[in-house]
Amino acid sequence: VVEVLRLGHRGDRDKRISTHVALTARALGADKIIFTVEDEHVENSVKKVVESWGGNFKFVVEKHWKKYIKEFKKRGVVIHLTMYGANINEMMPEIKKIGRDKDILIIIGAEKVPKEVYELADYNISVGNQPHSEVAALAIFLDRLFEGKTLYRDFEDAKIKIVPSNKGKVVIRENQK
Ligand code: SAM
C-alpha cells in the first residue's frame, strides 16, 4: 500500500495544485491521499475522477497529521520529499527493497514544512536539490518506485477508458460496451 500525505493547503491559492497532487498520486499508483486541511472543491473534483475513471483511490482529511504519521510508522516506512534530502538516485534501491514488505507513506508539503516532519520521517529524499514542485517530486518518486509500470494502468470498474492512440482520441465509454 502506498499513501500520500499532502501537508498544508492554502485555500483558494492551492486548489488547483492540491487537486493535481491527488490526481497524480492516483494515476501513478498510490492507493490513498491524506489532506491535512479540508477543501470540498478539491475533494469533489477527485471523487468525480474516481467515479468516472474507476479504482479504489481513497481521499481522507486528517487534521491530526502528527498522530497519523506516528501510527503509520507502526506498519510502514515514512518518506518525506524535500529538496534538502538525500538524492533519490542513490536511495531508491533501498526504498524499493523495504517497500516489498512494508507500506509506504510519502509526505509532500505546500509551504514551509515543520522541522518535526524531517525528524519523524524515516527518509528525507530529494528529487534533485533544486526547488521545484510537489507534483513533479511526487510523480518522479512514484514513477521510479513502480518502474513505469503504473503508466499502463487502467481500472476494471471505469466508466471511461482511453485506448492509447498515436492519432486522435480513442475513448471507450461504459454505455458503448
Ligand atoms: N520552500 C518549502 C520548504 O522549504 O519546505 C517547499 C515548498 S515546495 C513548493 C512544496 C513541496 O514540493 C515541498 O514541500 C516538497 O515536498 C516538494 N519539493 C519541491 N522541490 C523538491 C525537490 N527538489 N525534491 C523533493 N521534493 C521537492
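Is D103 buried or exposed, judged by relative accessibility? In this predicted model, D103 has a relative accessibility of 18% and counts as buried, because the cut-off for that class is under 20%. The side chain of D103 forms a salt bridge with R75, with the closest N and O atoms 2.9 Å apart. D103 belongs to strand β5, whereas R75 sits in the loop between α3 (65-72) and β4, so the pair ties together parts that are 28 residues apart in sequence. R75 is partly exposed, at 39% relative accessibility. Salt bridges with shared partners join R75, D103 and E3 into one network.

In total, the structure holds 15 salt bridges. Side chains of opposite charge can pair when their charged atoms come close. Another of these pairs consists of D39 and K15, with an N to O distance of 3.0 Å. Here D39 is placed in the loop between β2 (32-35) and α2 (40-53) and K15 in helix α1 (residues 11-27), so parts that are 24 residues apart in sequence are tied together. D39 is buried, with a relative accessible area of 7%, while K15 is partly exposed, with a value of 23%. A salt bridge also links the side chains of D14 and R10, at 2.9 Å from N to O. D14 is buried at 2% relative accessible area, and R10 is partly exposed at 25% relative accessibility.

The ligand is surrounded by 19 residues, of which L81, G109, V127, G128 and Q130 are the closest. By class, this shell comprises 9 nonpolar, 7 polar and 3 charged residues. A polar backbone atom of V127 is 2.9 Å from a nitrogen atom of the ligand, and a backbone N or O atom of G128 lies 2.9 Å from a ligand nitrogen atom. For E134, a backbone N or O atom lies 3.2 Å from an oxygen atom of the ligand. On its own the ligand has 570 Å² of accessible area, of which the protein covers 82%. Two or more residues of the shell come from each of the elements β4 (76-87), β5 (103-109), β6 (123-126) and α6 (134-145). Strand β4 gives the most, with 4 residues.

I162 is part of strand β7 (residues 160-162) and counts as exposed, at 52% relative accessibility.

Key: Residues are numbered from 1 along each chain as its sequence is written. This is a predicted model: local features need pLDDT of at least 70, side-chain atom pairs count only at pLDDT 80 or more; totals for chains, interfaces and linings use all residues. Side-chain values use heavy atoms; hydrogens and water are left out. A residue is near a molecule or strand if one of its heavy atoms lies within 4 Å of it. A polar contact is a pair of N or O atoms within 3.5 Å; within protein, one must be able to donate a hydrogen and the other to accept it, and residues adjacent in sequence count only if both atoms are side-chain atoms. Accessible areas come from the Shrake-Rupley method with a 1.4 Å probe; for residues, only the protein chains shown count as cover. Ala, Val, Leu, Ile, Met, Phe, Trp, Tyr, Cys and Pro count as nonpolar, Asp, Glu, Lys and Arg as charged, and the others, Gly among them, as polar. Buried means under 20% relative accessible area, exposed over 50%, partly exposed in between (1.4 Å probe, protein chains only). A salt bridge is a side-chain nitrogen of Lys or Arg within 4 Å of a carboxyl oxygen of Asp or Glu.
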